[in-house]
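Visitor: I am new to reading protein structures. Could you show me how to read one, feature by feature?

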Amino acid sequence: MQYQRKLSADVLVVGAGPSGLSLAAELKLRGISVVLVDRERRPTPESRALGLTIGALEYLLSRGQIGKFGELRVRDQVHFAGFPLSTAAIPSDLLPAIEVPQFRTEEILTAWLEEVGGSITRGQELIDFSQVDDGVVSLLADDDEARTEVKSKFIVGCDGSKSTVRSIAGLDFEISKPSVQMLLGDFLDSDLYDNPFGKRNERGMVMSGPIGDGAVRVIVAEFGAPLLERGKMLTGEEIADAYERVLGERFTWKALHWGSSFTDASGLAESLVDRRAILIGDAAHIHLPAGGQGMNVSILDAAALGWRLAQAVRHDSPDLLGTFDEERLTAARALITNTQAQGQLFLRGAEVDSLREVFATLLDEPRSAAKLARAVSSIDVKYVFDYADDDDAIGWRALSGSFPELTRDEKNSGLQRSGEWLFVSNDGPDPEQSALLTGADVRCLETSAILLETGQGQQDHRAVLLRPDGVVAWTDRSKASIDAVLRYWAIGIEQG
């Protein structure tokens, strides 16, 4: 076959949504060559995901990207199945951001990618790929059926719930049978009122709220209604009719910006890695979009993969992906479990009313409410490392509130702006630690207070070592030495 073009890169990233854009930026930060392709010729104009969780905001803060959003609209609450939950117990300087349409998030991520020297090749669809001993050979096609061959060391599928990468790699998963459907519409000039945590009755559930620029989103779950095709585009009348059948009220609007449908179907790949093919985001896991968690978890997938994939590229070794698969499958399982639970509590009829009453009493316990708030904020997963069973702080993500004496300007500039490992301490590293950290190209920072999460509350510490994704890898309470930890993570082998 004759190819119009032949390209080569360290990594081919398929799909320029939030996960693909984040991953490409992470790789470019580390000098890795990337071809990022998307079959759509233009960025999505659709609002889709509407906010940023504390977990995703913390990641963007660490990379110095928060300021690009301007002044964010925030709430000091999240919800679980319609139960409002305070975020006051989360040790973060940030609050959940609302009214941030997905196209705006993608604009910010695209600007970041361009800032670090990356770009998007649009109008290119992945047709096929094959894995060879030293890499991947992929075939792309455009609308005119012109073919492009791309040779890369790795390919990453960020190409959504119908992922071509997943299918070709043989990582396809079964999707559970849907049991309930939700209709979604973004209306302009509407008299819909703010109902962010939803209203239920025996006929269904409705929620609504502003999404910016004068638009209002409404979501309607009509119990017992026939299921539509997943992702079917809807008219304003179809959504308004369902709203009226549930609440017995009619709302007015001038225009429908976007209307679609989704269900509570879920699925998860058994593995996210097949040799040199990797999945993240919706390509790896799908679920009920309860609480707007999906896009945020997908961005954090990219944060967890980027630094390890860069290592694997430099040493041409898939083995250096290490614990990525296990860690992000753990996060995905937690995501699917909490969204399924929300579906059962929120999108069922009178049969769950007594369950909701019991659940409400459990949320009177502050620790229970705080745990659920952390779960829907993408920060409640603790990773388990072989060397760290003696230190309760290891495996959690350090949040901005972990360093209360650092100024907001210092944090906004990005404590890990270049995606580096970071050693934070009260008095600086000792001479032996300093030599090790310098040799491993770990940046050092001093501050007078370090407060780390343990799952049972916060602990005072004198020193902490953070991975590039902000996860705590070592503290001054660890029995393992910094040398052993750096060797475990293969940090510094570039210098060795």
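**A guided reading**

Guide: Start with a hairpin. Strands β22 and β23 form one, with 4 residues between them. In the turn, G455 has a positive phi of about 90°. Keep in mind that this is a predicted model.

Visitor: In which sense do β22 and β23 pair, and over how many bridges?

Guide: First the general idea. Strands of a sheet pair through backbone hydrogen bonds, either parallel or antiparallel. Here, β22 (residues 450–453) and β23 (residues 458–461) pair in the antiparallel sense, over 4 bridges.

Visitor: Now a sheet. In what order do the strands of the open sheet with β12 and β15 come?

Guide: The order is β12-β13-β14-β11-β15. These 5 strands form an open sheet, and the pairing is antiparallel.

Visitor: Why is one side of β12 and of β15 left without a neighbour in the sheet?

Guide: Both stand at the edges. β12 (195–201) and β15 (255–263) each have a single partner strand, so one side of each has no neighbour in the sheet. The sheet also twists, by an average of 15° from one strand to the next.

Visitor: Which strand do the bridges join to β12?

Guide: Strand β13 (residues 204–212), through 4 bridges. The two run antiparallel. K199 has V206 as its bridge partner in β13. A helix packs on this sheet as well: α5 (residues 236–247). It touches β11 (181–188), β12, β13, β14 (215–222) and β15. The direction of α5 makes about 60° with that of β14.

Visitor: What is the pairing in the open sheet with β21 and β25?

Guide: It is mixed. The 4 strands of that open sheet come in the order β21-β20-β24-β25. The edge strands are β21 (443–446) and β25 (472–475), each pairing on one side only. The twist averages 20° from one strand to the next. Look at β24 (residues 463–466) and β25: 3 bridges join them, and they run antiparallel. There, V464 stands opposite T475 in β25.

Visitor: On to helices. How do I describe two that pack together?

Guide: Two packed helices are described by the angle between their axes and the distance between the axes. Take α1 (residues 18–29) and α3 (residues 102–115). They pack at about 15°, with their axes 9 Å apart. An angle under 35 degrees counts as roughly parallel, so α1 is roughly parallel to α3. The crossing of α1 past α3 is left-handed.

Visitor: Which residues in α1 and α3 meet?

Guide: From α1 come P18, L21, S22, A24, A25, E26, K28 and L29. From α3 come Q102, E106, L109, T110, W112 and L113. By class, the residues of this α1 and α3 contact are 8 nonpolar, 3 polar and 3 charged.

Visitor: At what angle do α1 and α6 pack?

Guide: At about 25°, with their axes 8 Å apart. α1 and α6 (residues 294–314) are therefore roughly parallel to each other. This time the crossing is right-handed. Residues of α1 in this contact include P18, S19 and L23; among those they meet in α6 are M295, I299 and L309. The α1 and α6 contact has 9 nonpolar, 4 polar and 1 charged residues.

Visitor: Is L21 buried or exposed?

Guide: L21 sits in helix α1. Buried means under 20% relative accessible area. L21 has 1%, so it is buried. Beyond its sequence neighbours up to four places away, it touches A16, L36, E106, L109, T110, L113 and I120.

Visitor: And S317, buried or exposed?

Guide: Buried, with a relative accessible area of 19%. S317 lies in the loop between α6 and α7 (324–346). Leaving out residues up to four places away in sequence, it touches F154 and A312.

Visitor: Which value of phi does R275 have?

Guide: Near 55°, a positive value in a residue other than glycine. R275 is in the loop between β17 (273–274) and β18 (277–279). At 55% relative accessibility, R275 counts as exposed. D441 also has a positive phi, near 60°. D441 is in the loop between α11 (431–439) and β21, and is exposed at 57% relative accessible area.

Conventions. Residues numbered from 1 in each chain as written. Predicted model: local features only at pLDDT ≥ 70, side-chain atom pairs only at ≥ 80, totals over all residues. Heavy atoms only, no water. Axes fitted to C-alpha atoms, helices over the stretch in contact; angles between N-to-C directions. Parallel < 35°, antiparallel > 145°, perpendicular 65-115°, else oblique. Left-handed = near helix turned anticlockwise from the far one by under 90°. Contact = heavy atoms within 4.5 Å. Nonpolar A, V, L, I, M, F, W, Y, C, P; charged D, E, K, R; others polar. Pairing = 2+ DSSP bridges. Buried < 20%, exposed > 50% of the residue type's maximum accessible area, 1.4 Å probe, protein only.
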